[in-house]
Amino acid sequence: MELHIVCIPGDGIGPEIVSEAKKVLQKVAGQYGHTLILKDVLMGGASIDAYGVPLTDETIAQAKAADAVLMGSIGGDPNTSPWYRLAPDKRPEAGLLKIRKSLNLFANLRPAYLYPQLAAACPLKEDISKAGFDMLIMRELTGGLYFGERKTTVENGVRRAVDTLTYDENEIRRIAIKGFEIARKRRHKVTSVDKANVLDSSRLWREVVNQVAKDYPDVTLEHMLVDNCAMQLVRNPAQFDVILTENMFGDILSDEASMVTGSIGMLASASLNDTRFGLYEPSHGSAPDIAGRNLANPIATILSAAMMLRYSFDLDREADEIEQAVRQVLQEGYRTGDIMSEGCTQVSCSKMGDLIADRIGA
Ligand code: NAD
């Protein structure tokens, strides 16, 4: 199979971690007889330096022409980088918002998996972390409160601010379908999270999700109120498989779920549209404090590349192989500085990439 992938190394540690993910992709492609066609493009600060804007139309066109995009991370230190003296719509992060919008990426996926080897980093009580967890938060990314009408007014000297939370049934249906499809690749369970006891938008959410569920009789559906879900994530995270939710609830719950894994350098993510196309990137930022020193943990980006194989190319076996290689390297005691613990061997970013690539097909 030919895999056309646009790579956005980005800023800070971005080029270092993307380079390791490419190494691992090359290895798995060679192993399974696929041809990788990789093209690097600029975005964020690197694009500002080269072209004066964080994202060019040419880059968008190249991304659209590919099957998937693999990204490192963009942005610099907001206190010291000259990029942050530019107007907000010219700064690195504006490129990120623009590419998500241009590619119509409405579904954001963030897995939260507790590696048994890293259980000590989990801030939950040992009896909870011992059970482990493996969930995926699917968050609607282009609707709801963050995109509704907003305004601030002053009436009789009193300031009033209004934000609106709107969803139409088509927006809910398309993300629900994604959620059920992805549950089929996992443990066949969807927990749909809303606030249907209060919000109309949540009541519509629940109705549409119930309709969609009829087409997926092999997937178990449960509904949970968002306040309860926030509690359950720290009380019994093992109960969750796919958590399906709207934009703001997903924003908060996905950060909470990431936190309980305890290690930011391990967290992958994907943003999908209604085709198989997706943009895959680690959940963390560009870590300017450690950039250019071969210290970064490349695993979140490597696992994002595995998600790309699974969700954009349907190459589940190849994705499993990468995930297994990561588990094996951790089992053998290799760690980058951010996840280092006593008795383990500390390695650099590039060494971690080498080790994972070496374990593929071994
Ligand atoms: P950050 O995630 O870059 O860093 C937070 C802390 O975690 C730092 O101490 C960093 O060294 C560490 N860290 C992060 N990733 C790591 C890795 N792979 N290996 C080892 N350590 C790692 O968050 P920040 O410092 O708040 O943001 C830095 C820049 O990144 C900002 O410009 C921000 O806007 C940008 N950012 C970009 C994205 C993105 O590209 N999607 C996401 C978040 C932040």
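Predicted model: local features only at pLDDT ≥ 70, side-chain atom pairs only at ≥ 80, totals over all residues.
Me: How many residues surround the ligand?
Reply: Among the residues around the ligand, the closest are G76, E93, G285, A287 and D289. Both β3 (68–73) and α4 (92–102) supply at least two residues of this shell. The number of residues surrounding the ligand is 21.

Me: Which residue has a side-chain N or O atom 3.0 Å from an oxygen atom of the ligand?
Reply: A nitrogen atom of the ligand lies 3.1 Å from a polar side-chain atom of H284. For S286, a backbone N or O atom lies 3.0 Å from an oxygen atom of the ligand. The residue with a side-chain N or O atom at 3.0 Å from a ligand oxygen is Y84.

Me: What percentage of the ligand's accessible area does the protein cover?
Reply: A backbone N or O atom of S286 is 3.0 Å from a ligand oxygen. On its own, the ligand has 810 Å² of accessible area. The part of this area that the protein covers is 70%.

Me: Why are the buried residues of α8 on the same side of the helix?
Reply: Helix α8 spans residues 226–235, and its buried residues are V226, C229, Q232 and L233. They lie on the same side of α8 because the arc they cover around the axis is only 110 degrees.

Me: Which exposed residues does the face of α8 turned away from its buried side carry?
Reply: The buried residues of α8 are covered by elements including the strands β5 (134–140), β8 (189–194), β9 (220–225) and β10 (242–245). Helix α9 (247–261) is also included in this cover. The face turned away from the buried side carries the exposed residues M231 and R235.

Me: Is D241 buried or exposed?
Reply: D241 is in the loop between α8 and β10. Leaving aside neighbours within four places in sequence, its contacts include D134, M135, L136 and A183. A residue under 20% relative accessible area counts as buried. At 1% relative accessibility, D241 is therefore buried.

Me: Which residue's side chain makes a polar contact with the side chain of D241?
Reply: The side chain of D241 also reaches a backbone atom, the nitrogen of K189, at 3.2 Å. R186, R187, H188 and K189 are among the residues in contact with D241. The polar contact between side chains, at 2.7 Å, is with R186.

Notes: Residues numbered from 1 in each chain as written. Heavy atoms only, no water. Buried < 20%, exposed > 50% of the residue type's maximum accessible area, 1.4 Å probe, protein only. Helix = DSSP H or I, 4+ residues; strand = E, 2+ residues; numbered from the N terminus. Arc of directions from axis to C-beta. Contact = heavy atoms within 4.5 Å. Polar contact = N/O pair within 3.5 Å; in protein donor to acceptor, adjacent residues only side chain to side chain. Near = heavy atom within 4 Å. Areas by Shrake-Rupley, 256 points an atom, 1.4 Å probe, with all protein chains shown as cover.
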